[in-house]
Amino acid sequence: MMNLRDDLKNPPNAYRSVPLWSWNDRLEKEELERQIEEMHRAGIGGFFMHARGGLQTPYMGEEWMEAIRISIERSRELGMNAWFYDENGWPSGFADGKVPAKGLAYQQKQLLCEQAPFQDAPELERTIGWYAAAADGQSYRLLLPGEEAGASLRISYEVNSYYTDTLSPMAVKEFIDTTYERYWEQFGEASGAELSGVFTDEPQFGRGGLPWSFELGEMFTSRHGGDVRAVLPALFLDTEGCSEARYAYWETVTFMFTQAYAKQIGDWCAGKGWSATGHVVDEQELMNQVTSIGDPMAFYEHLQIPGCDWLGRFVGSDALVPKQVSSVARQLGKKRTITESFGCSGWNVSFADLKRIGEWQFVHGINLMCQHLQGYSLRGLRKRDYPPSLFYQQPWWSDYKAFNDYFARLSLLLSEGSAQAEVLLLHPVRTAWTLQRGRDHSAVVPYHEAFAQLTRWLCQSLIEHDYGSEGIIAGHGRVSGGRFIVGEAAYRVVIVPPSVTVDRQTAQLLREFVAQGGKLIALDPCPARVDGKEDVEFARFMQAAVLTEWSREALCRAVSAASKPFIRISGEVGESVAADTINVRTLELAGSTLHYVVNSGTEFYPLLNIQLAREGTVSLIDLETGDIRPLELGVRLRLPLHPGQSYMLKLDPLPNPPLLTGDAKATEPVVPGENVETMAVKLATDWEMVHSDLNSLTLDNARLRVDGGEWSQPQAVIFIQEELLAYGRPVAVELEFEFHIDFDTARQRELFLVLERPEELEIELNGVKVEAVSGGWWRDISFKTLDISRLAVSGRNTLVLRMEFLGSQEISERLARAKAFEAEGNKLTIDQELESIYLLGDFGVHSSSGYTDGERRAVFTDGPFRLTEPPRQVQTGDLTRQGFPFFSGNMRLRQSLTVDATQATAVKCSFQAPPDAIVTKLFINGAEVRTFLWEPYHAEVSSFLHSGCNVIEVELTSSCRNLLGPHHHIKGEVYKVGPDSYKDKPGWTDKDLDKDTHVYQARYAFVKFGLAATPLIHVEQA
């Protein structure tokens, strides 16, 4: 039985984060165990063992299985949870190529439509049907054999030989047999009860196209009657009856995908006592859902732990992605929901960013964190694999436990509590089915935008709501006592967004709901079709429920007439506060009501009025410590809300609750009394640097010579490998790097060359051979350090690397496959990789061209860079400009402050602006006051300060961003980062850029690091 106070202090592993652990290199026993121990110390509860690009251990071979066994055993010893991941790369379903290798019936297929005159005829056996247009051009007739000469339209299919027909139960069973069953055979008997389950990642039946399967015809006939071939032209053209035809086709496709993939895997896991978890692809928009997955919510029904994916360093303006998951979980009694988060957010994503992104999803119903990702290694392309790696490579790793403890407490409360939403918003993906025209989804856009706007308005109005998938309603919906019931959830209000059609079962339940007094709200255009077919009677019924005014206020009034919000928030003087980034979630837990209030935005609200719908004793659950602190009796609270801040309010009912009135007492924030004088003392701008990790310089340009030919001009290392691969054969390669030193090299100091796989290189510095004897590693296990302090000279230094680059036809073919389909690219491994190198040591770095500011805290300079004496004195402000542009580590700054505290009643320290650092620690007179990971950046320091001279120290920790980049992206700092962010042509993470944009810029882009403003000491005196 749960003991809330004890569990909040030290949350059990079941609630702790479970990151994707990227197995992306040669797996070694000692390193696997070391990394698991690192995770355990950081408060992580388990891990998904995830094969990924760069893997050197043969996937699913004996060594792979031994690595799995080692990891299971060490996690068991530490009380952690080991999970499988079901693919080599992603999307899941192709079993590292074994399933599509079984033949055409197992391979993914998509429809093609061609109008006469026909060009480049496909193989005849891939033709599904020939069609002749009717005289009016509004319909097409399927031609009989022998009539092909009169065809005006041909439907055929194309084949993707790299992925699986996920509509086929036979093909998906082959995937289960080659992956799931293999794991059970290896580990089920000995460890099956201890293993948690399997993560399936981005399964799909297509992305943009219309799927085909050899089994589709029979299933279509069984569900809708007729010959599916007869309706295929309507999928591409606006023919008579096309809405009904498209509805029937996509309903069949969605059912097949859900049953073949989600249900087979979910049932298999349930039979073994495991949980199936993961997420589908393209969850964000109706326009993409149709041609990728049909209905994401229908898929989630069959996962024990449904989940979503959230990429990039931002939150959404609407809550579609997390709410689709949480709605299904609540309705079908699934306790846990998971998010794969933080991929692509870049190396400088802060704890404040992680918290803000995570809590935005948690307030919308997610309750288990899966971080993307933790890289076993950063060697070669791995460092650019949709960064960051949230792992031991980061300078802030030792402070990560506080983040994981925070989300474990949050996960505990949200998992054990039961949501209370009484409003159901129908999900209009079936309308999108009827509007998809071939690859053209433009007609879907206004319906998606209307749906997104409605959910935004409800969230802004703090009206908690779920989504209703008509596929789930068909199997779990009923009406009773004036409530629209879906599984275990009952709703007082049902909202039908602008739509074209609804399912027949939905239509019947809506009639029953209204007949029993339920509140139905419809928005124009309301649906006039059932199952895609025109239905005049139903259209008339829906018109009676239409809300005539399209506005947030009108919607809020209509909903509140039947179901009032559980909490209301207004500004300091009572003004309305309606923002996409202020959200609430209400739960019941062990007789208490929890109100979870989240600001996932960047705006500061100095004072908010928070009014609860119920009377009781209010406490604040501190998610940073697990403490529960009582506030005052009342239904109104007055509290500040900082950017990224949240409150977990716990309301316990009174034995004899008093009658509520509009003048109910409010809990006021603590403010200085009338006779208290506050004096603000601004610290000096000059700081002594008392500690700094070794500084660094990234060398990412080199001259190239191939097979003893001419030296090239300096060029970006990132492009040299592609140039060498083009040879398609082994070549002798020399790379020449250059760096300049302005200090006296005769003085003994630490100076290292850092590079990958030095044992495979001949290394020469200033004409002298450098022995490839590593003194250890720095930042990542693949970053080996070589001492060059005795070889470097003042002035110009030339470093030459020599190697044989082993290009081959086989590698060229592997790269070609990677470009053909994402499954091949996402598991790509290249044995030999050319990378930037690094200098590490006791030095400063000076840019000869000065610095300018850019957006998103970016700092630009053209270089070139020179090594200087390390700075010993710095100033408040950006430290990249003060000798640390590539710095990745920790530094401590110090100054003295004289104060008279004899009459002080309270003393506080505040940062006027959030520091440009991932972690900030404040020390006074040698004692740590507080570690700051996020807002608010202030602390009570009365017990640390004394009258007279005080030593103030601030410790700042950076990220890997200024070391690893991307340094040359046209945007400067990027909030959605992928492998192509380091190259010259936009990839999918830069889809906002024109395809001909030159992404790579010669100038360097860093991010600020340091104190953004001078801290203040506030002394209150009576």
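Two strands pair if DSSP finds at least two bridges between them; helices (H or I, at least four residues) and strands (E, at least two) are DSSP runs, numbered from the N terminus. The model is predicted: local features need pLDDT of at least 70, side-chain atom pairs count only at pLDDT 80 or more, and totals for chains, interfaces and linings use all residues. Residues are numbered from 1 along each chain as its sequence is written, and side-chain values use heavy atoms, with hydrogens and water left out.

Next, display E55 (residues 904–910), which pairs with E58 in the antiparallel sense over three bridges. Lys-908 has Glu-940 of E58 as its bridge partner.

Proceed to helix H14 (residues 445–460), which has 16 residues. Its buried residues (under 20% relative accessible area, 1.4 Å probe, protein chains only) include Tyr-447, Phe-451 and Trp-457. After H14 comes Leu-462, whose phi is positive, near 60 degrees.

Finally, turn to the rings. Lys-109 places its charged end over the ring of Phe-214, 4.5 Å from the centre; such a charge (NZ of Lys or CZ of Arg) must be within 6 Å of the ring centre and within 35 degrees of the ring normal. Select Lys-323 as well, which lies over the face of Tyr-467 at 5.9 Å from the ring centre.

Conventions:
Expected span 1.5 Å × (residues − 1). Buried < 20%, exposed > 50% of the residue type's maximum accessible area, 1.4 Å probe, protein only.
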